[in-house]
Amino acid sequence: METKIKPLAIHDSSSGFPARWIGYCEEKNIPFRRVNCYSDNIIDQLAECSALMWHHHQGNPVDFLVAKQILFALEHAGFPVFPNFKTGWHFDDKLGQKYLLESLNIPTPNAYAFFSRAEALAWAAETLYPKVFKLRCGAGSANVILVRDLKYARRLIERAFDRGFPAYSPWASLKERWRKFRQGKTGIWEPIKGVLRFFQSPPYSRIRGPEQSYAYFQDFVPNNESDTRIIVIDHKAFALKRYVRDNDFRASGSGKFGYEPELFDQKCVELAFQITDRIQPQVGVYDFVFDAKKQPLLLEISYGFLAEGYDACPGYWDRSLVWHSGKFNPYGWMVESLLLQIRSLTSDESNFQDRSV
């Protein structure tokens, strides 16, 4: 007889995946419990639960401070979590991703990290342009700059090793808010809020402090009118093509999407499965562009994505690259994968509470 599973703990949040997880659990009669991971007694709250699911976000100041620490501490104690270490340690950390992808020989544009002003300036004087300058944090193409010449590279390097860069750029944010307003996607209040941000940055930026004492560049890969995002969960993959913004080189955050399966090069889907086999995340979000030989290069990885942007996906590929048309529930895949892990543990053992020394 199958052992009854304790409730899944889901961090109660109005944004991200939690509403989708809860909806799936309610539909399938899977026991769950809403918890507050910001509570001092969160460990005690989890004593009667079987696992923790927490969609933490880089723009939430408290998530930035404690999410990875709590999740990885629990995982260290043998308690199943989502996202686990292999899924989340490199989240919102482009520097960490550079070393991960290089260690695994995953095809990616050449990346250059410097922790010395002199070394960065010497490299900048010899390299070819354009290059892409990035901060280690940021989503939606935030903190990504095209560097066309040595003069601009020197300027960025000097600032990187001086006062640094805020995690939130009010000028870049205002331009993005104005772009969306002109496209009719937002109301006038968004540009107004962008102006107000010049006087007070968001809490997460103040907590993170400036990004400084390093310079990170990546080779620019030209002639890409879009990037290809492949998401792999539980041996299944779905995709989104993101077209670049007008008069820009960046695709992330453009809001211009393509979904039809014929838009996607199967090499990207196959490579996404191969990368997942190497990294072993619970969720792998992979952004690809193509080099001059039409071979995919991986730009960045993540575990999170904006759920609403993927509801229009018309189907998914299985591990054999067979296409399955129709609606699907990737958030249910996340839940079921975690349940499978729980069931694989010794059924009569308390995998958390009884591990005290």
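**From single residues to the whole chain**

Asp63 is a residue of helix H3, which covers residues 61-76. Helices (H or I, at least four residues) and strands (E, at least two) are DSSP runs numbered from the N terminus. The model is a predicted one, in which local features need pLDDT of at least 70 and side-chain atom pairs count only at pLDDT 80 or more, while totals for chains, interfaces and linings use all residues. Residues are numbered from 1 along each chain as its sequence is written, and side-chain values use heavy atoms, with hydrogens and water left out.

Is Asp63 buried or exposed? Its relative accessibility is 6%, so Asp63 counts as buried; the term buried means under 20% relative accessible area, exposed means over 50%, and partly exposed lies in between (1.4 Å probe, protein chains only). Apart from neighbours within four places in sequence, Asp63 is in contact with Tyr38, Trp54, His55, His56 and His57. Contact here means heavy atoms within 4.5 Å.

Two loop residues can be read in the same way. Val221 sits in the loop between strand E8 (215-219) and strand E9 (226-233), and with 16% relative accessibility it counts as buried. Beyond its neighbours within four places in sequence, Val221 is in contact with Pro109, Val289, Phe290, Asp291 and Leu297. From Val221 to Val283 there are 62 residues in sequence and 26 Å in space, C-alpha to C-alpha.

Leu263 belongs to the loop between strand E11 (257-258) and helix H11 (266-279). Its relative accessible area is 32%, so Leu263 is partly exposed. With neighbours within four places in sequence set aside, Leu263 is in contact with Lys241, Tyr243 and Gly258. Leu263 and Val289 lie 26 residues apart in sequence, and their C-alpha atoms are 13 Å apart.

Next come the backbone features. Most residues other than glycine have a negative phi, and most peptide bonds are trans. Where are the exceptions? The peptide bond from Phe82 to Pro83 is cis, with omega near -5°, and Pro83 lies in the loop between strand E4 (81-82) and helix H4 (85-88). Another cis peptide bond joins Tyr129 to Pro130, with omega about 10°; Pro130 is in the loop between H6 and strand E6 (131-134).

Ser213 is not a glycine, yet it has a positive phi of about 75°. Ser213 is in the loop between helix H10 (203-208) and E8, and it is partly exposed, with a relative accessible area of 46%. Asp234 also has a positive phi, near 55°, in a residue other than glycine. Asp234 is in the loop between E9 and strand E10 (236-243) and is partly exposed, with a relative accessible area of 29%.

Helix packing can be followed through two pairs. Helix H6 (residues 117-126) and helix H7 (residues 150-160) pack at an angle of about 170°, their axes being 10 Å apart. Axes are lines fitted to C-alpha atoms, for helices over the stretch in contact, and angles run from 0 to 180 degrees between N-to-C directions. H6 and H7 are therefore roughly antiparallel to each other; angles under 35 degrees count as roughly parallel, over 145 as roughly antiparallel, 65 to 115 as roughly perpendicular and the rest as oblique. On the H6 side Arg117, Ala120, Leu121, Ala124 and Ala125 meet Leu150, Ala153, Arg154, Ile157 and Glu158 of H7. The residues of this contact divide into 7 nonpolar, no polar and 3 charged. For this count Ala, Val, Leu, Ile, Met, Phe, Trp, Tyr, Cys and Pro are nonpolar, Asp, Glu, Lys and Arg are charged, and the others, Gly among them, are polar.

The axes of helix H1 (residues 18-28) and helix H12 (residues 330-344) come within 9 Å and cross at roughly 70°, which makes H1 roughly perpendicular to H12. Arg20, Trp21, Tyr24 and Cys25 of H1 form the contact with Tyr331, Gly332, Met334, Val335 and Glu336 of H12. Its residues divide into 6 nonpolar, 1 polar and 2 charged.

Finally, the whole chain: it has 12 helices and 15 strands. Its C-alpha trace spans about 70 × 45 × 45 Å along its principal axes. Of the 357 residues, 48% count as buried.
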